[in-house]
Amino acid sequence: MSGISAIETAFRRRSAVTSVLVGYIKKYAEDLARRDPHYVYKIMDFCGTHEWTIVHYGIRSVLETSGIKSVELVAGPGCPVCVTPSYFVEEAIKLALEGVVVYTYGDVFRVPALRGVNGARSLAEARALGGDVRVVQSFIQAIIDARGHGKPSVFVGIGFETVAPGYSEAVLRGLVPPNLKLMSLVKLTPPAMFYALDMMQEKPTDYPVSGVIAPGHVSTIVGGKAWVPVAEQYGIPVVVAGFEPHDVLTAIAEILRQLRRGESKVVIEYARAVRWEGNLRALSSMYTVFEAVDDAWRGIGFLPKSGLRLRGAFAEHDAMKYFSVPELAPERWQYDLPRTCRCAEVTLGKARPTDCPLFMRACTPDRPVGPCMVSMEGTCAIWARFGGGGLATDVARDAGIV
Ligand code: SF4
C-alpha cells in the first residue's frame with residue numbers, strides 16, 4: 001500500500017479516539033473477568049477484510065499490550081476464494097485448455113487446484129500453457145470484452161452476496177452476450193456463520209464464540225436483520241462493523257458491553273453503509289435470477305442452502321449447462337485441500353495460520369500451497385503480508401524495499 005491515511009496516522013499515534021475505545025474495551029473486559037478470571041471471550045471477525053484491518057493495524061497487539069488478555073479475536077470463513085471447491089477451479093482450467101476464453105478475478109487466477117489438469121494446477125498455469133485466461137475486475141468488464149471478440153467464453157463468478165446483484169442485474173437487463181456464460185459459484189454467508197460457530201465448540205472444553213463482528217460489505221446487501229437468527233440461536237451479540245480500525249475497536253467494545261449486560265442484540269456500527277432491511281432491490285434482483293442450493297465449501301463439505309445457482313428460467317446463461325460441466329453432487333465431493341494444509345481449520349477459526357507447518361515455509365504468497373494464501377481476504381495471505389501489525393511495512397519502507 002502506498003501512503004498512510006489520516007485514520008491510520010491517528011490510529012498509529014494512539015489518538016484520543018483510539019485511547020478512549022481501548023479504554024472502554026479494557027474496562028468492559030475487566031468487569032467480565034471479575035466473573036471468571038480465566039474465561040476467554042472469543043470474538044469472530046467473519047469477513048476477510050475485517051481480518052485485514054485487525055492484522056494490518058495490529059489490533060491484536062494493541063489489545064495485548066493494553067493488558068486485555070481475556071479477549072481473543074478469531075478469523076472466520078470470510079474469503080470466497082478460499083472456500084470455492086477445487087473441482088470448479090479444475091473445470092475452469094479444463095475449459096481454458098479446450099479453447100474457451102475464461103474470465104475471472106485476479107485472486108481466482110492464482111488459486112491452486114488440488115489436482116492438475118493437463119499440467120496446469122491454476123488458471124495462471126493454464127494461461128502459461130496457452131489457455132486464454134483473462135483477469136477482470138467485474139462481470140461487466142468481461143461482458144464488454146466478450147462482446148468484442150464473440151468467442152465462446154465463461155465468467156468464473158466467485159464471491160459472496162456482495163457480488164451477486166452485479167451478476168443478476170446484468171442478466172436481467174439483457175447485457176450478457178450469447179457467447180458469454182456465467183459459472184455461478186456465489187456463496188451465502190449466514191449458513192457458513194452457523195457452521196463456524198458450531199465447529200468452534202466441538203469439544204465441551206472449547207470456549208464458544210462470545211460475539212461476532214458481522215461482515216460489513218455483505219450486510220450492505222443482506223442487511224443487519226440477516227444476523228438476528230445468529231444472535232438469537234447462540235445468545236451472543238453481533239455487530240455489523242465497517243473496516244476502519246476504529247470501526248473494529250468500536251465493535252469489540254460493543255460486544256463486550258452487551259456481554260457485561262447479558263444482552264445478545266444485532267447492532268449496526270457500519271450505519272454509513274448498512275440498513276436494517278438491507279438493499280431490497282439488490283436482493284430482489286439476486287433471487288429473481290438465482291436460487292439457493294446446498295453447496296460445497298473447500299475442505300469443509302456441503303452446507304445446506306449456502307450457494308447460488310442460476311434458476312431454470314435463465315439456463316441459457318448457465319456455463320455448467322452450456323459447457324456440460326456436471327454439478328458437484330454431495331456423493332462426488334471429496335476432501336479437496338493439500339494433505340498438510342490446514343486451510344479449513346483456519347477458515348473456521350479453529351487454527352491460526354502460524355499453526356500450519358507450511359506457513360511461510362513451503363507456502364508463501366508468491367508460491368501458495370493452499371487457497372488461504374492467495375486472496376487479500378485469505379487469513380494466511382493477510383498474516384503473511386501484514387504480520388506484525390504493519391510494522392513490517394514500515395521497516396520495509398525505511399529500508400527502501402517498498
Ligand atoms: S499456510 Fe498455506 S498450507 Fe498452511 S493453512 Fe495456510 S494456505 Fe494452507
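**View 1. The shell around the ligand in this predicted model holds twelve nonpolar residues, one polar residue and one charged residue.** The model is predicted. Which residues come nearest to the ligand? They are Cys341, Cys356, Cys363, Gly370 and Cys380, out of the 14 residues around the ligand.

**View 2. Six strands form an open sheet in the order 4-3-5-6-11-10.** The pairing in this sheet is mixed. Strands of a sheet pair through backbone hydrogen bonds, either parallel or antiparallel. Which strands stand at the edges? Strand 4 (133–135) and strand 10 (290–297) do, and each has a single partner strand, so one side of each is left without a neighbour in the sheet. From one strand to the next, the twist averages 25 degrees.

**View 3. Helix 9 (residues 139–149) packs on the six-stranded sheet.** Helix 9 touches strand 3 (101–104), strand 4, strand 5 (153–159) and strand 6 (180–187). The direction of helix 9 makes about 175 degrees with that of strand 5.

**View 4. Strand 10 and strand 11 (residues 301–310) are antiparallel partners.** Seven bridges pair the two strands. Along strand 11, Arg309 stands opposite Glu291, and Leu303 is the bridge partner of Asp295. The two strands form a hairpin, with three residues between them. What is the phi of Gly299 in the turn? The phi of Gly299 is positive, at about 80 degrees.

**View 5. Strand 11 also pairs with strand 6.** Strand 6 and strand 11 run antiparallel and are joined by two bridges. Leu308 in strand 11 is the bridge partner of Val186.

**View 6. An open sheet of five strands has the order 2-1-7-8-9.** Its pairing is parallel. Strand 2 (71–78) and strand 9 (266–268) each have a single partner strand and stand at the edges, so one side of each lacks a neighbour in the sheet. With direction ignored, neighbouring strands of this sheet are turned by 20 degrees against each other on average.

**View 7. Strand 1 (residues 41–47) pairs with strand 2 in the parallel sense.** How many bridges does this pairing of strand 1 and strand 2 run over? It runs over six bridges. Lys42 stands opposite Glu72, which lies in strand 2.

**View 8. Helix 14 (residues 245–261) lies across the strands of the five-stranded sheet.** The strands it lies across are strand 1, strand 2, strand 7 (209–214), strand 8 (238–240) and strand 9. Helix 14 runs at about 145 degrees to strand 7.

**View 9. Helix 10 (residues 164–172) packs with helix 15 (residues 280–289).** The angle between the two helices is about 65 degrees, and their axes are 8 Å apart. Are helix 10 and helix 15 roughly parallel or roughly perpendicular to each other? Helix 10 and helix 15 are roughly perpendicular, because angles of 65 to 115 degrees count as such. Their crossing is left-handed. On the helix 10 side, the contact is made by Ala164, Pro165, Ser168, Glu169, Val171 and Leu172. They meet Ala282, Ser285, Met286, Thr288 and Val289 in helix 15. By class, this contact has seven nonpolar residues, three polar residues and one charged residue.

**View 10. Helix 10 also packs with helix 9.** The angle here is about 35 degrees, and the axes of the two helices are 9 Å apart. Which residues of helix 10 does helix 9 meet? Phe139, Ile140 and Ile143 in helix 9 meet Gly166, Tyr167 and Ala170 in helix 10. Five nonpolar residues and one polar residue make up this contact, with no charged residues.

**View 11. Helix 3 (residues 48–56) and helix 18 (residues 379–386) cross at roughly 20 degrees.** Their axes come within 10 Å. Helix 3 and helix 18 are therefore roughly parallel to each other, because angles under 35 degrees count as roughly parallel. The crossing of helix 3 and helix 18 is right-handed. Helix 3 contributes Glu51, Trp52, Val55 and His56 to the contact, whereas helix 18 contributes Thr379, Ile382, Trp383 and Phe386. By class, the contact has five nonpolar residues, two polar residues and one charged residue.

Key:
Residues numbered from 1 in each chain as written. Predicted model: local features only at pLDDT ≥ 70, side-chain atom pairs only at ≥ 80, totals over all residues. Axes fitted to C-alpha atoms, helices over the stretch in contact; angles between N-to-C directions. Helix = DSSP H or I, 4+ residues; strand = E, 2+ residues; numbered from the N terminus. Parallel < 35°, antiparallel > 145°, perpendicular 65-115°, else oblique. Left-handed = near helix turned anticlockwise from the far one by under 90°. Contact = placed C-beta atoms within 7 Å. Nonpolar A, V, L, I, M, F, W, Y, C, P; charged D, E, K, R; others polar. Near = placed C-beta within 6 Å. Pairing = 2+ DSSP bridges.
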